[in-house]
Amino acid sequence: MEKKVALSIAGSDSSGGAGIQADLKSFSYLGIHGVTAITCVTAQNTQQVRSISKVPVDVIEHQIESLFDDCSIAAVKTGMLYDEEIVKVVAKKLSEYHVKPVVDPVMVATSGNALAHHTFVSSLQQYLLPRSLMITANIPEACILANMEIKKQKDVQQACKKIFELGPEYVLIKGGHLEDDIVVDILFDGKQFHTFILPRIPYKKAHGSGCTLSALITGLLALGESPVDAVEKAKYIVWSMIQQGYSPGKGSDVLNHSSAIQIPPLLRSNEKFSVWLELKTAIETMVSFLPPGCIPEVGMNFVYARPNAKTRNDICAVDGRITKHKERPSLCGTIDFGVSKHVASIVLAAMSFDTTMRSAVNIRYSQKTVEICKKIGFAVGTFDRKDEPPTAPSTMEWGTKHAITILGRVPDIIYDTGSVGKEPMIRVLGKNPKDVLFKIQKLVSAPVP
Ligand code: PXL
């Protein structure tokens, strides 16, 4: 078995949330073998940094040499370098080995304690940034490096340009410190600004997110991703790790590096990402409450179309099924665009009548369920497979259009009672996954007649 090797030159965080510890966990998450050169040992917990002890520079040098003399190192990141002496030796060694690192300009811990000596910033600017591939700075770090105030998005772009002048090939400024419901990160490649937007995760101050992001970017570069793709994927992974974070002490939360995270397809457009995320969230919610008796023999799919969807490629769905596992509903597969046939045709057919009806899920048929739907006031549509003309392009498309035409509108559910070898089925339709979930919730909590 072969594994890529990535190197982190950084400080040790005794609390295990940031520094070398976070970097190794991040590499491991990506299936990469992480190697390390430790620059400082911090004594800290989730509340405070109690002390910082520098590792002697000759020891730092020996660590780097031993690794380059032996391993084929695919990518390198630097974290806490603390002061000029360490920055200089790291810059010297990396240029000897002709490696350009991803630089996380660590200055302050999440707890607010300083992690850098006053000689750090100027030496970083002078020795390391001219030889770096990418710098990943948060807003306070970017303000110091660009020597300017950053208050608005426009300032971020200007700061990117100023930091780019210091020599890195890519400048990433993370917008987490700007107040907003969304977090906007900007990557500048010297010509173009690439924007990455994710919803803010409220009430979480996650220790180690900067280290983890830069380690994941480094790891993804080691795996052969382009810098822009590496940033997009790494951002999403960190976001999910923060969302699933936990608190090992009395202070800040740490990231959950060992959670199962589904990396989204490269969505590029924020509109596609929102569709993907809304669907994923709804599926996770549905799986948590759905009685397993609602799952049909063939399993379920839950889909959500982009606005004005025209083809199956515009429809996000489960590449696989939602099925029963140990008597509980379980998502088996990943969520992606262009992977559903049946339920996607239902939504496309519904959208040809009403473009706002963009989501659907199939559930197990029973006559009782149809009766409950009628009782709680759902608009109910139906079709009979026997009526399908032989020229119809697909049963789902024909059946959906047929049911809608008869009713004169897109119903809340469309059912059919099946035929030989075809399981009877109910499809719940709605404007978006939340709307569909709401209907399912209403249905499963209604009294059985
Ligand atoms: O998150 C920045 C960071 C980097 N490196 C070490 C740290 C921290 C934050 O606490 O302890 C060693």
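Author: Contact means heavy atoms within 4.5 Å. Helices (H or I, at least four residues) and strands (E, at least two) are DSSP runs, numbered from the N terminus. This is a predicted model, with local features needing pLDDT of at least 70 and side-chain atom pairs pLDDT 80 or more, while totals for chains, interfaces and linings use all residues. Residues count from 1 along each chain, and side-chain values use heavy atoms, without hydrogens or water.

Reader: At what angle does helix 5 run to strand 6?
Author: Helix 5 covers residues 139–146 and lies across strand 6 (134–138) and strand 7 (170–174). Angles run from 0 to 180 degrees between N-to-C directions of axes fitted to C-alpha atoms. Helix 5 to strand 6 gives about 115°.

Reader: Which strands are the edges of the open sheet?
Author: The sheet has 9 strands with mixed pairing, in the order 3-2-1-4-5-6-7-8-9. Pairing takes at least two DSSP bridges. Two strands pair on one side only: strand 3 (49–54) and strand 9 (193–199).

Reader: Which residue of strand 3 stands opposite C40?
Author: Strand 2 (residues 33–44) pairs with strand 3 over 5 bridges, in the antiparallel sense. Opposite C40 stands K54.

Reader: How far is a polar side-chain atom of Q44 from an oxygen atom of the ligand?
Author: Q44 is one of the residues around the ligand (a heavy atom within 4 Å). Others include S12, D13 and H207. The Q44 distance is 2.4 Å.

Reader: How far apart are the axes of helix 10 and helix 12?
Author: Helix 10 (residues 342–351) and helix 12 (residues 395–407) pack at about 35°. Their contact includes I346 of helix 10 and I404 of helix 12. The axes are apart by 8 Å.

Key
Polar contact = N/O pair within 3.5 Å; in protein donor to acceptor, adjacent residues only side chain to side chain.
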